[in-house]
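Here is a friendly walk through one protein model. Keep the 3D view open beside the text and look up each place as it comes along.

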Amino acid sequence: MRGTSRSSPARAAAEPSDDALLDRLQRAAFDYFLQTVNPRNGLIADTTRDGAPSSIAVVGFALSAYPIGVEHGWIERADAVERSLAVLRFFSDSDQSGSPDSTGYRGFYFHFLDMRSGTRAWLSEVSLIDTGFLMAGVLTAAAYFGAETPAETELRRLADALYRRVDWRWAQRDGSAVMHGWKPECGFLHYGWEGYSEAILLYVLGLGSPTHPLTEQSFRAWTVTYQWENLYGYDFLYAGPLFIHQFSHAWIDFRGIRDSFMREKDCDYFENSRRATCVQREYATRNPRSFKSYGPDCWGLSAGEGPSAPPRLVAGRRQAFYGYAARGVPYGPDDGTIAGSSVLSSLVFAPEIALPALRNLVARGPTDAGDLVRSSGFNPTVGEAGPTGWISQGAFGLDQGMIVLMIENYRSGLLWRLGRSNPHLRSGLRRAGFRGGWL
Amino acid sequence: MLPLHPPIQQPVEGPYDRELCDNLRPPDWRNPRPREPYHLLVIGAGPAGLVAARRAAALGAKVALIERRLLGGGSLNYGSVPSKTLIRSSRLYAEMRDAANFGVTPPENIRVDFAMAMERMRRIRTRISRVDSAARLAAEGIDVFFGTARFTSGDAVDVDGASLRFKKAMVATGSRSRLPSIPGLAEAGYLTNETVFDLTALPASLLVIGGGPLGCELAQAFCRFGSRTVITHDVPLFLPKEERDAAQMVAEALARDGVEIHLNTKAVNVRVEGGKKCIETLNDGNVATISVDQILTGIGRVPAVDELDLEAAGVAYDAETGIRIDDFLRTTNRRIYAAGDVCLEHQFTDAADAAARIVVQNALFLGRKRVSALTIPWCTYTDPEIAHVGIYVKEARERGIPVMTYTVPMHDVDRAIADGEEDGFVKIHVRQGTDTILGATVVARHAGEMINGISLAMVAGIGLRTVARVIHTYPTQAEAIRKAAHACTRTRLSPFAAWLMRKWVNR
């Protein structure tokens, strides 16, 4: 296995190998999907907290995680198929009228759904990016469960129909970039996608649609907002939070394939994420706001939960705390909160710096269960909560999903293999201008 | 006579506004007898008009300068100058507030004397007005007319009954606040940048409608003075014209000061209840009400083209974009030019000044200077400031220009760390594979000062690698520019050259 452990000899004997550690963390994250499911409709809760609705993005991660569970023998194949079928049937039969208490509209779905009824929760929006994550899961399930059994045949049929039903073109503003969302109360939300983000997955899925594809112009309109920057000695396509550099890579193997932007820069999105990871480490080493614990082996500013404490003085500066936020480098927001799971999701890109960081975070946690890595966020600067500082309670589905998928890509590349075999993703990538490598 | 600018209409008791009037609109002024025809007739005595009139007169031309309200225009009277003086007071307050972080114990109760801060603003405005007084301009040989100019033909204007003929003319009437059409706003009353500087008492609460540069500057200043301050902006992006990182950083700075920012929020109507102005807002279908003492509208500027009878002179214009000009600043009447906010996309004092110089050259001396050749920097004077020059990355990419950006966070600059002014960055955009500077954005406490070095390099055609050879005084915050230049030099080293150098030192 790659990487080495840097712990003291005294504890080394008790420490598992990298492989064993990753297996344990991945298994624990996988269990999230078994614990938070409503078996009647297959929906998965957004978080483990009381009253949490389902998030369609988390459902997408669950659909992608089941094949991994089968591969590792954590669940039976028939069980995985049954779980997948339950949720595909639910979405298939759901109310697509777009009324305020429906489930979706034009093949897209509300971001949050009631766990029991499956109708819109929290007055949420019909979300494009979250439908994207859901569809990535739908296509992954269809690609994995390829047996000619009645159940798996039905699964593939439903998956294909759900993907074909998404009217991507409708969400294109003036024929160019894609909108963020839509609400029955006010129509499209006018936040455009600007700058590099996880939306690359959304564009690839939308461009690959055989029924309602985005125009190729949409991808150009979006990538025109990219910024290629030299920061801390690294040249990269800039985005502050780590998750932006990670989410699309859960399903798409970007190694060696390039769109016109990456050809111009002699780079690819995978290498770009590696550099973004190094930039994070550089930032944490500089630690400009002098937060506790930041350093070469403690980094990972990304989306996650942090403390909602009142402002306080930190190193001569009035520091606010942002609760759940997308934190990023080098401009923040940064309140001393690390999203531990973003370190695990960095393994595929930069194992030589991610493994030492992982070991450090595991060693620092209050128990040996990897609390700091699995929690949505922790903040050693807000120290009164305990010896390791503030830790987000419970678990968040997105984090657990990314842990399961990205550890798997690191260990076996299963999700990438499934993605490479998917004709819709291939077509979407080609229409976005990707060439070379496995494509 | 037309209604006068409020400071004159309602003079604050005190010497400063009286002197301001004496300088910029003397009560006993008598317009001179026209000396016809004028080589250059200038309508509007703001930054563009003053520069053109002075420059032309100094070069021996017969010049008329016509002003409807106050010499100095918006910049001096209700724009750059008064806002910057208030910002200075607000920065001082912020520094005192944070003094303990620097090892200095502030007084227990830091009190803002708003009336005194406003009086200081008036004093400074008046002081600056001395150099642009009507008497001085007359002494420089310029015929100064107060009144409303209307074109009567392609070569003549009427100023309150007097006819002035010209060989060449320049329209520089500037711009005025754009008023939002919100039901009830007019009845409830509101401030614009033209009236906000007349306040003598701090409003307990203030709503700024529109998140433009001046609105953001004043929101931060008033918030620091102690007003509960709210910004509503009907688009989802804060400072939408700026780079996202820059805007985000300033949004956070404002939030830290306590400014409430409501993006994607439209003010739909205003009513008065119990002496408060209640503004109903709409955000993605959600209705809310904000209750404040004062409303400031800051939603942009419209060119001042009314009442000029431009049609009589054959000058084409648009109510939104102003007077139509070509690249030589000529209007559709070849005798008539325009400069400043009335015709330019970049509505800044410095741009107006530069355009006026072009007009004098082109109108009087057969010049062929182009406005498109100007390199115009601009700055939003929030704390930290955002300054920009040249092209934005998005514009470059739209034009198919490959761009490389060299970024230096201020937290990598020793002096910024020492000063406790680490919020910000320098980003210099060059054409990929070269060191040609296409543009730059600086966010820093003194970004407006720092950008000038980059503008200089751009205008002089100096590449970023040459900038790297310029020794910048250490430690200064402008060293961030040198660091960006050094990063450019490093990446210019080809792998082969790097290999050769390694071989050489290890020989």
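The report below covers salt bridges, a strand sheet, a cavity and a pocket.

**Salt bridges**

Please keep in mind that this is a predicted model. How many salt bridges does a search of the whole structure find? Over all chains, the search gives 59 salt bridges.

| Salt bridge | Closest N to O |
|---|---|
| Asp245(B) and Lys427(B) | 2.7 Å |
| Arg357(B) and Asp353(B) | 2.6 Å |

Start with Asp245(B) and Lys427(B), whose closest N and O atoms are 2.7 Å apart. This pair links distant parts of the chain: Asp245(B) belongs to helix 10 (residues 244-257) of chain B, Lys427(B) to strand 22 (residues 425-431) of chain B, and 182 residues separate them. Are these two buried or exposed? Both Asp245(B) and Lys427(B) are buried.

Asp293(B) has a relative accessibility of 25%, so it counts as partly exposed. Lys276(B) is partly exposed because its relative accessible area is 30%.

One network of them links Arg91(B), Glu95(B), Arg97(B), Asp98(B), Arg224(B), Asp257(B), Asp383(B), Glu385(B), Glu421(B) and Arg445(B).

**A sheet in chain B**

Now look for an open sheet of four strands in chain B, with the order 10-9-8-14 and parallel pairing. Strand 10 (260-262) and strand 14 each have a single partner strand, so one side of each is left without a neighbour in the sheet. From one strand to the next, the twist averages 20°. Strand 9 (residues 228-232) runs parallel to strand 10, and three bridges join the two. Which residue of strand 10 is the bridge partner of Val230(B)? The partner is Glu260(B).

**Empty space**

Rolling a probe the size of a water molecule over the atoms shows where empty space is left. The whole structure has one cavity of 30 Å³ or more, and the volume of the largest cavity is about 60 Å³. Among the residues lining this cavity are Leu139(A), Trp251(A) and Asn422(A). Helix 5 (128-144) and helix 15 (414-420) of chain A each give two or more residues to the lining. By type, the lining has seven nonpolar, three polar and no charged residues.

The second largest pocket holds about 990 Å³ of space. Its lining counts 39 residues, and those nearest the centre are Arg317(A), Asp98(B), Gly420(B), Glu421(B) and Asp423(B). Helix 10 of chain B supplies the largest share of this lining, four residues. Sorted by type, the pocket lining has 15 nonpolar, eight polar and 16 charged residues. Two residues named here, Asp98(B) and Glu421(B), also belong to the salt-bridge network.

Note on methods:
Residues are numbered from 1 along each chain as its sequence is written. Chains are lettered from A and ligands numbered from 1 in the order in which they are written. This is a predicted model: local features need pLDDT of at least 70, side-chain atom pairs count only at pLDDT 80 or more; totals for chains, interfaces and linings use all residues. Side-chain values use heavy atoms; hydrogens and water are left out. A salt bridge is a side-chain nitrogen of Lys or Arg within 4 Å of a carboxyl oxygen of Asp or Glu. Buried means under 20% relative accessible area, exposed over 50%, partly exposed in between (1.4 Å probe, protein chains only). On a 1 Å grid over the protein atoms alone, a cavity is a set of points where a 1.4 Å probe fits but cannot get out, and a pocket is an open set with protein on both sides within 12 Å along at least five of seven lines; lining residues have an atom within 4 Å of a point. Grid points are joined across faces, edges and corners, and a volume is the space filled by probe spheres set on the points. Ala, Val, Leu, Ile, Met, Phe, Trp, Tyr, Cys and Pro count as nonpolar, Asp, Glu, Lys and Arg as charged, and the others, Gly among them, as polar. Two strands pair if DSSP finds at least two bridges between them. Axes are lines fitted to C-alpha atoms, for helices over the stretch in contact, and angles run from 0 to 180 degrees between N-to-C directions.
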